[in-house]
Amino acid sequence: MLNKDDILAALAAVPGPDGKTPLNQSGAIDGVTIRDGKVFVAIRVHPARARELEAMRAAAEARIKALPGVASALVTLTAESAGAPAAPAAAGGGHAHRRAPETRAIPGVAKIIAVASGKGGVGKSTTACNLALGLAALGLKVGVLDADVFGPSMPRLFGIVGKPDLAPDGQKLKPMENFGVKVMSIGFLVDEGAAVVWRGPMVMSALNQFLREVEWGELDVLVVDMPPGTGDAQLTMAQNVPLSGAVIVSTPQDLSLIDARRGMAMFKQVNVPLIGVIENMSYFICPHCGGRSDIFAHGGARHEAETHGAPFLGEIPLDMTIRETSDSGQPIVVSAPASAQAKAYVAVAERVRDALFAGAAPHAAPRIVIE
Amino acid sequence: MVEAASDSTPTELRVRDGGRVLRVSYAGGMTVDIAAERLRAATPSADKSEAPAGVTIVGAETIGNYAARFSFSDGHDTGLYTWKLLRELAEG
């Protein structure tokens, strides 16, 4: 059975970062991981020397690969902070350099907006779906990117089953489509009951592929349904595409509003303009007696928006038909467009459209010139 | 829409003099030169490794709407310089 000592012994034949001390005695080896014949080794080097030590890295990899019982070998260089205790190595083989890809617009996509909430369970995805359909009802060309990789709900909300096809170029994926809206979601690629158990870098790379390697075509607006909270996915979106703005969905009760405030703070931090706040589950009209109950209190989101100087985009009632139409893949904006509920969504969509296209363009990122 | 902290967004970042100087321009005409060594020393990255003297800027790119990343000749490229930080550096 292959063990760590075998690996270290093999590395005795490779000179370490100083060019003479054998690697296994150099103290630069930061971690050896063996899993099913796959070997991962991290070597700590000063980042400035990463390039010149590539030969050492390759030699170490070749030595390990040559050992009997080794299926594959991955040797990575990890950054060392001079004078400081060594950073923990990415066991299991990370990248010597983590890079957030440069912000680039997506060709053909005019505006990208994020629909976000500070916490889960406020009806963000239902709102994103109906908002997208509302924008489409106003005559815009709309796409929806489901960035909630851990809890994708767009396939169900749009009533789309099946897997996306390859685009004619054989490189990109064609988005799925229903009700005139293009949709891409991890939910098309994994079973509904399957769990996506990923670390942050996987989420980042999946989102990048959904942005760049999906044939979105010409879109006026791409609506991004963000996962709840303020984590990797949100940061990836904020770093990799020029977001035109963010819409925050919140229920009116205090607990939800505290989290909504965090969402607003996050977008402020990454300089993404706030389009406004939507109050979801705003009130309940009893189907039996017609009486109105403010189950989660009322008006909190409007108040919160005003406190932050953000526009209030509208209130959506807590309503059985919205829930039923969402679960059955017949979103209310298309299945009952004349209903008061659908009109509430379209009214929100109008305000979002006006903010996006009538207002001044958001501050463009600076031009970069290298002489 | 609410614009967030946008007045500190530069209009242009120009790497000059063989990478020894970053010229930051703002709307309204303010233009400031920041030496590469000073920029490198101010890195907000968790990797605070010391830079060799004479370090130069070899690459620059924008990150979202809020920051720029510079690559330096010593291989350091993990610092995201927010517009606010650049403004602070520009103002001395």
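Start by selecting E12 of chain B: E12(B) stands opposite S25(B) in β2(B). Keep in mind along the way that this is a predicted model.

**Stop 1**

Strand β1 (residues 12-16) of chain B and strand β2 (residues 21-25) of chain B are antiparallel partners, joined by five bridges.

While you are in chain B, pick R87(B) and Y26(B). R87(B) lies over the face of Y26(B), 4.4 Å from the ring centre.

**Stop 1: the aromatic pairs**

How many aromatic pairs are there over all chains? The count comes to two. For one of them, move across to chain A and select F158(A) and F179(A). Their rings form a tilted pair, at 6.4 Å centre to centre and with 35° between the planes. This pair links distant parts of the chain, with F158(A) in the loop between α4 (154-157) and β6 of chain A and F179(A) in the loop between β6 and β7 of chain A, 21 residues apart.

Then return to chain B for F70(B) and Y81(B). Their ring centres are 5.3 Å apart and their planes stand at 70°, so this pair is edge-to-face. Here too the pair links distant parts of the chain: F70(B) belongs to strand β5 (residues 67-72) of chain B and Y81(B) to strand β6 (residues 80-82) of chain B, 11 residues apart. Are these two residues buried or exposed? Both F70(B) and Y81(B) are buried.

**Stop 2: the eight-stranded sheet of chain A**

Now colour the strands of chain A. Eight of them form an open sheet with mixed pairing, in the order β6-β7-β5-β8-β4-β9-β10-β13. At the edges stand β6 (176-178) and β13 (312-315) of chain A; each has a single partner strand, so one side of each is left without a neighbour in the sheet. On average, neighbouring strands of this sheet are turned by 25° against each other, direction ignored.

Strand β10 (residues 274-279) of chain A runs parallel to β13(A), and three bridges join them. Select E279(A) here, and you will find E315(A) as its bridge partner in β13(A).

Bring in helix α3 (residues 124-137) of chain A as well. Among the strands that helix α3 lies across are β4 (109-116), β5 (142-146) and β8 (219-225) of chain A, and the helix runs at about 170° to β8(A).

**Stop 3: the nonpolar cores**

Show side chains next. The largest nonpolar core has 84 residues, and L145(A), F158(A), L222(A), V223(A), F267(A) and V352(A) touch the most other members. Helix α11 (residues 340-357) of chain A gives the largest share of this core, nine residues. A second, separate core has 22 residues, including L2(A), A10(A), V41(A) and L53(A).

Follow V41(A) to its strand: V41(A) is the bridge partner of V32(A) in β2(A). Strand β1 (residues 29-35) of chain A pairs with β2(A) in the antiparallel sense over six bridges. In this hairpin, two residues lie between the strands, and D36(A) takes a positive phi near 50°. Seven of the eight residues of strand β2 (residues 38-45) of chain A are buried, so the strand is largely enclosed by the rest of the structure.

**Stop 4: two last selections**

Select S256(A), in helix α7 (residues 254-269) of chain A. S256(A) counts as buried, at 2% relative accessibility, and its contacts include K119(A), V122(A), S250(A) and T251(A).

Finish at R292(A), whose charged end sits over the ring of Y283(A), 4.1 Å from its centre.

Note on methods: Residues numbered from 1 in each chain as written. Chains lettered and ligands numbered in written order. Predicted model: local features only at pLDDT ≥ 70, side-chain atom pairs only at ≥ 80, totals over all residues. Heavy atoms only, no water. Pairing = 2+ DSSP bridges. Helix = DSSP H or I, 4+ residues; strand = E, 2+ residues; numbered from the N terminus. Axes fitted to C-alpha atoms, helices over the stretch in contact; angles between N-to-C directions. Contact = heavy atoms within 4.5 Å. Buried < 20%, exposed > 50% of the residue type's maximum accessible area, 1.4 Å probe, protein only. Core = buried A, V, L, I, M, F, W, Y, C linked by side-chain atoms within 4.5 Å. Phe/Tyr/Trp six-rings, centres within 6.5 Å; stacked < 30°, edge-to-face > 60°. Lys NZ or Arg CZ within 6 Å of the ring centre and 35° of its normal. Lists of a residue's contacts leave out its neighbours within four places in sequence.
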